[in-house]
Structure formats: structure tokens, C-alpha cells
Amino acid sequence: MELSYIQDCASCGAPIEATEADRVVECQYCDVRNYMVKTGPLRFALPHMIPDTVDESDILHIPYLRFKGHIYSCTGDGLHHSIVDTTQLGCSSSTLPASLGLRPQAMQIRLVAADSRGRFLKLTEQVKEIFFKAANLTTAFAAKSESPLYHRAYIGETISYIYLPTYCREGRLFDGVLNRPLAAGIDVDGLLKKASAAREQWLPRYITTICPHCAALMTAASDSLVMQCFNCESLWLEKKGRFGRMKSGFVAADRGDTYLPFWRISAELTGVKLSSFADFLRLTNHPMVIRGQHEQMEHSFWIPAFKLRPKYFLKTAKNITVSQYRIPGKSTDMPKNLYPVTMPLTEAVQSLKTVLTSAAVNKKKFMSSLPRIKTTGPRAELVYLPFHQLGQDLVQDHTSVTINGKTLYYGRTM
Ligand SMILES: [Zn+2]
Ligand SMILES: [Zn+2]
């Protein structure tokens, strides 16, 4: 479930409600549109009811790590995937509450400001350790733990910190949200000694959404990673706090109701031969007659640059990759109806081995070769493919690959 929170407008200071996935922040008061540059996980605090009489030095924020994403596992008995949405204690303690339950979703949380009262305990549990715990909690993995694990990938993940405000009174730690004492026996002084004040660099930075090329105002949906300039027909991606122009293509069609973005990735895979499309067909044993043109065609992975539930993400990546020979090279001017990019390239690259496995006819046999396959030097281009509306479905014009409208909607809001 998406978290929503309040942040201050970088231009006028007015409160803006945003969700965890939002990058484009538009203020209703001053009309300014900014792009959020993340310098690390976002840090939120639950709203507190700490009495004013409590001294600032007695206020302690306990860190929880929130992880939301998809976990794909290739094990001896099959390809498994699962959605994980969890909040776990970020420091080792047997006495502090292990989880925040549903409180972050139910309460009005805020970004931690540099001048927040009190001290903040450091995250001491390794992020990966917390993921593994989360993954093992899911039934799909618990039941299959006997089988060898050949490959595991985390894709489409969101990581944030959520702090529980607490305070110390007469040597006892109190939950600052409910004003109730926490379990006895917590070494409060020890915890306070390990904590430090909030830092300026914990807050995200914001950059203006003016096109670096023509100075027109760029647009994008609030959760989009890519900004569009329709004045000079260009796309821009933020990297290290600046917008860089994106290499992109738009495949021409007679009728493109919506253009969905895909990362077209060419990568060197050590351990297997995969330079041509014919290699791909041989490697996956795909039941298709290999022709001379397939030998000449460079192989690319076509990975959705938008979030979908795991089952549909794999299915779409596999179906477009398998039928890439049908996509014409002819491109068109930048269309107006571009679907937002919500899946970063770095995560799309993480999915390559899983997509390859899902395309293999004999998955179990193929999986045992996964540990020796390494992905190196991926080159990528963002390609928008035209889809036309057919009832509830969106159908890709050249490959007939279909995505249901509801599937798109749920992928974006999960
Ligand atoms: Zn404003
Ligand atoms: Zn422009």
C-alpha cells in the first residue's frame, strides 16, 4: 500500500500532500512544479503527542525500515515471485516493538526536518538482512526453502525510514504517539547515547522543471521519473541533481492510443552466448523456426519501464522480448500520449536473468545455469511502443501483446 505524507513546498513552504512514489511535486498555492532529487531513502516520522514539558534531550526516535517491492526467486522447483510490503525494526533489540503495524498508513506522517526535536537512533540492522527476513516471511519462499536457490532479484523497490517518536521519563521509555509506556527493561541511557540530531542532508532536494534546452515548462505525471518537453520534443531524466537528455525512440503506428515505455537493453551475458536474436531462441529453446534474419538481428531485452505486478511484469517483458522481430524500426515524432516511466533502468537491469528464465521453455533445467551468468555493460534506450485500446485491453499494434487496463492501474497504485 502506498504511503502518503505531508511535505513543505520548496518554493513557498505551503504543505503539499504526496505519496511515496511521487517525484514531481506541484504546489497549489504558488503553482510551482519541482522535481524531487532523492539523496537516500526518504525519512518520515509518525505524528507525536509528546508533552511540551519533556526535555528535548529525552526525546528519542526509533528507526523502522519500510520495504515495498517484488522479490523474484529462481529455485530448483520453479520461478516464484511475491509482493513484499513490510515495516521492520531497524536496530537489534528484543524489547523494542518489532513492527509499526498499520500506523504509517493510517496516520499523517511527515518528512523529518533538520530542526526536528530530539535525537534519532541509527539504523544498525543491515538493509539486506531486513529484506531477507521479509522475503522469508512470505509464504511462497517459506514453503520452498528446501530447494536450491539459483537466483534472487529485488525489483521495483521502495525503501524508506519511518521513525517512532518516544521519550524517556523516570528511566522508562514511552511511545510518543500513544503516550503509553513501552516494555520495561529497555536500556534507555544506552540508546540515547547512540542517537544523534536530524541532518540537513536527510531531506530531499528539489530542482526546477524548466527544459534545459528551450526553457519551456516541462510536464509529467506526479510519479514519473522522466520529464517531457513538448515545445522542443525532448525527454529528460534526472541524474545527480541535473536533468540529462534521454536517448529515446517512438515506434510509428497507424493508431497509437497510448505509448508505453520500455527499456530496450542490450547486455553482455558471460557464461552464455547471447548476441543475436537467434541465440536467444536457441538458449530458451523457443519453438520458432530460426531464420537467417534472426542470426543478423541483435538481441535486446524489452523490459517494461513502468511498474506492474510481478506476474504481469514478467509476462509483458517475456512477450515483447520474444516478439521483438515484429517491431518495425520506423520511428515517429514525439507523441502526446506517453505513459509515465516509473521503473528505473537500474531495476530493469536487475530483472534480466529472471526474464530470461521466464522465456525458457524448460525453466528448471535452465535455472541451474543462472549462477554462472553475469550481466555486464548493459546499454539501454527508452523506446515507446504504440498500443491501441480494445475494450478493457491495450493491444500492441505490431506484436499483439496485450495488457489489461486494470493491470496497468494496479501496477501503478500498489
Ligand atoms: Zn508553493
Ligand atoms: Zn524544451
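Guide: Happy to; we will walk through the strand pairings and then turn to one helix for contrast.

A word on confidence comes before the tour. This is a predicted model, and the protein chain averages a pLDDT of 90, with 97% of the residues scoring at least 70. Confidence is lowest in helix α3 (residues 139–142), where the mean is 52, and it is highest in strand β19 (residues 301–304), at 98.

Strand β14 covers residues 226–229 and pairs with strand β15, residues 234–239, in the antiparallel sense over four bridges. At one point of this pairing, Cys-229 stands opposite Ser-234 in β15. The two strands form a hairpin with four residues between them.

Elsewhere in the chain, three strands form an open sheet, in the order β3-β4-β13, with antiparallel pairing. β3 (24–26) and β13 (205–208) stand at the edges with a single partner strand each, so one side of each is left without a neighbour in the sheet. From one strand to the next, the twist averages 40°. Looking at one of these pairings in detail, β3 meets strand β4 (residues 33–37) in the antiparallel sense over three bridges. Val-24 stands opposite Tyr-35 in β4. As background, strands of a sheet pair through backbone hydrogen bonds, either parallel or antiparallel.

For contrast, let us finish with a helix. In α11 (residues 405–413), the buried residues are Thr-407, Leu-408 and Gly-411. Seen down the axis of α11, these buried residues fall within an arc of 100°, so they line one face of the helix. They pack against α7 (310–322) and β22 (402–404). The face of α11 turned away from this buried side carries the exposed residues Lys-406, Tyr-409 and Thr-413.

Notes
Residues numbered from 1 in each chain as written. Chains lettered and ligands numbered in written order. Predicted model: local features only at pLDDT ≥ 70, side-chain atom pairs only at ≥ 80, totals over all residues. Pairing = 2+ DSSP bridges. Axes fitted to C-alpha atoms, helices over the stretch in contact; angles between N-to-C directions. pLDDT = per-residue confidence, 0-100. Buried ≥ 20, exposed ≤ 12 C-beta atoms within 10 Å, placed from the backbone. Arc of directions from axis to C-beta. Contact = placed C-beta atoms within 7 Å.
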